[in-house]
Amino acid sequence: MELYELGIRKLTDAFAKGEASPTEALESSIKRIEALEPEVRAFLKKDFENAREAAAKADRAWAEARAGALYPAPLTGVPYALKDNMCTKGLETTCGSMILKGFVPPYDATVVEKLKGAVLLGKLNMDEFAMGSSTENSAFGASRNPWDTDRVPGGSSGGSAAAVAAGFAPFALGSDTGGSIRQPASYCGVVGLKPTYGRVSRYGLVAFGSSLDQIGPLTRSVEDAAVVFESIAGHDPKDSTSSSKPVPDVLKACGRSIRGMKIGLPKEYFAPGLSDGVKGQVTGALERLEAEGAEVVEVSLPSSMYGLAAYYLCATAEASSNLARFDGIRYGMSDRSAGDVVSVMKRTRSKGFGAEVKRRIMLGTYVLSAGYYEAYYNKALKVRRVLKDEFYAAFDRCDVIAGPTAPEVAFRFGERTDDPISMYMSDIYTITANLIGIPSISVPCGLSSGLPVGIQLAARAFDEEGLFAAAAAVERTSGLADRIAEPKGGSSR
Amino acid sequence: MGITKEDVMRIAELARLEFGPEEAEKFASQLGDILGYAAKLDEIDTKGKEPLTHAQEMVNVMREDVPVEGLTQEQALMNAPQRKGEFFLVPRIMDNSQED
């Protein structure tokens, strides 16, 4: 077995016992990346030089621990990579956009600070400004699904999901505004967690929809997701929306029995539009949970399918405001061919943003503009309230809500690029968790036509323990932990 | 939901974006489609519902009023496309020709 195949817990166990060193783990990852990155294209920027330095430092920390010193932080020496919308001091951060090409942040995001000791391999591809479901909106080219390189890895954290699935790193961080961690996790056969809104600091995360964005881990096992979650969660004075509630011991929760746990199944989720292959795998996973002693109860979320429409009004409104900062004056690209300030801004933004980003800025500006605010934006916020009320009524009858993560398996390149709404539809099941701020996770539960299917679980706000207990049970009963894809084309399918 | 090319131009001005006529046409039709899809929300009765602007509905998060270190001037300026000494450089904003 090669070191790149090991998950976080096995890897750090080997470090603790002296059976492997962080430098050896890093070199194994680098070898894997160099062999397969031309196929997968997960990275926007590799930073192996600094990684080697960090690994050498971690070598010493583990050696000292073995000699009797205190144990280092749980992720010390573990290779990882970051979605390119999290600021890294001294390392280019582009958000997959031309407008930020060459931008070098003068500070680290809080999650990067918290992961000091782990070994950063580089920055991962994404849909421009996290707007998209396939990485096809990246200004620097799409990433490919390691399970079938003719297909998208999902998005927007597609580079993160592809990197973890291909064995480049045991974990990556992504961000999730409407499903951008969970949908690519589902497409690439890995675990993806969107924590409760407020659990993880957003300081240093380039803002898209500030009331919706959360950072979370992508890993190859539920326990590894628990370890990363515990490392990055917690209150941060630099993010006033971060919660001061204590971070729960979710790793312990992974070992909890689910006997008697009530799993709510919204009848609205199993409607036309859901592919038979996905439906079959999700139903199978639920049957296995029942065999473990969980009780599956039918619940109703009558407005849940309207979440997508509400989302595209709320998220674009917030984005139009957040992206106003890209003006060609203070950082990033600047087109100074015109003589006045407003023209500099217009030319810079028109050249620097891609089509989907412009579409969303335009939509957001429209719904916030005089005369339309009430009809669109405020209506969407009221629907958001309706959704929250419906979910919490359902949570009166169950502990977690389960369903498919996405209506279908990974689609082919170019299939949806001409029709924005068909692209948006792949987020129909994930989007509501962002609108109401609850935690949600996608866990691999099977294959359909040789491609991964994820089951999505959601829990009440701040109940990550219940969420992890159920997620670990899904993984245990499906036997799909620690799977690595060997990148290949899909000509046989 | 009818979005005209003129609507697109008006919104583009507010959003500090520019579009050629062909692009504006395409955006008008795509935005119209998306807004048409969003009009589905009218099927939901929201009478008496308070708008939910933020998932956790926190208010007035305060901290002690003690100064903490921020970015240095040099750090703040390091990504400036154009700078002059310790300032961001922008094209002239005031029109000189009217001055006496």
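The contact between the two chains, where contact means heavy atoms within 4.5 Å, takes 73 residues from chain A and 53 residues from chain B. This is a predicted model, in which local features need pLDDT of at least 70 and side-chain atom pairs count only at pLDDT 80 or more, whereas totals for chains, interfaces and linings use all residues. Residues are numbered from 1 along each chain as its sequence is written, chains are lettered from A and ligands numbered from 1 in the order in which they are written, and side-chain values use heavy atoms, with hydrogens and water left out.

Between chain A and chain B the buried area, that is, the accessible area (1.4 Å probe) that two parts lose on being put together, summed over both, is about 5600 Å², and carbon and sulfur atoms give 67% of that area. On the side of chain A, the residues that lose the most area to chain B are A:Y306, A:M362 and A:R385, which together account for 13% of what that side buries.

The rule finds three salt bridges across this interface, a salt bridge being a side-chain nitrogen of Lys or Arg within 4 Å of a carboxyl oxygen of Asp or Glu. B:K49 forms a salt bridge with A:D389, with 2.7 Å between the closest N and O atoms.

In the loop between α12 and α13 of chain A lies A:S369, which is in contact with B:I11 and B:L14 when its neighbours within four places in sequence are left aside. A:S369 counts as buried because its relative accessible area is 9%, the cut-offs being under 20% for buried, over 50% for exposed and partly exposed in between (1.4 Å probe, protein chains only).

Within chain A, strand β2 (residues 79–83) holds A:K83, which is buried, with a relative accessible area of 0%. Beyond its neighbours within four places in sequence, A:K83 is in contact with residues including A:K123, A:S156, A:L173 and A:S180.

A:L173 also belongs to the largest nonpolar core, where A:F129, A:L173 and A:F468 touch the most other members among 171 residues; such a core is a set of buried Ala, Val, Leu, Ile, Met, Phe, Trp, Tyr and Cys residues joined through side-chain atoms within 4.5 Å.

How values were computed. Helix = DSSP H or I, 4+ residues; strand = E, 2+ residues; numbered from the N terminus.
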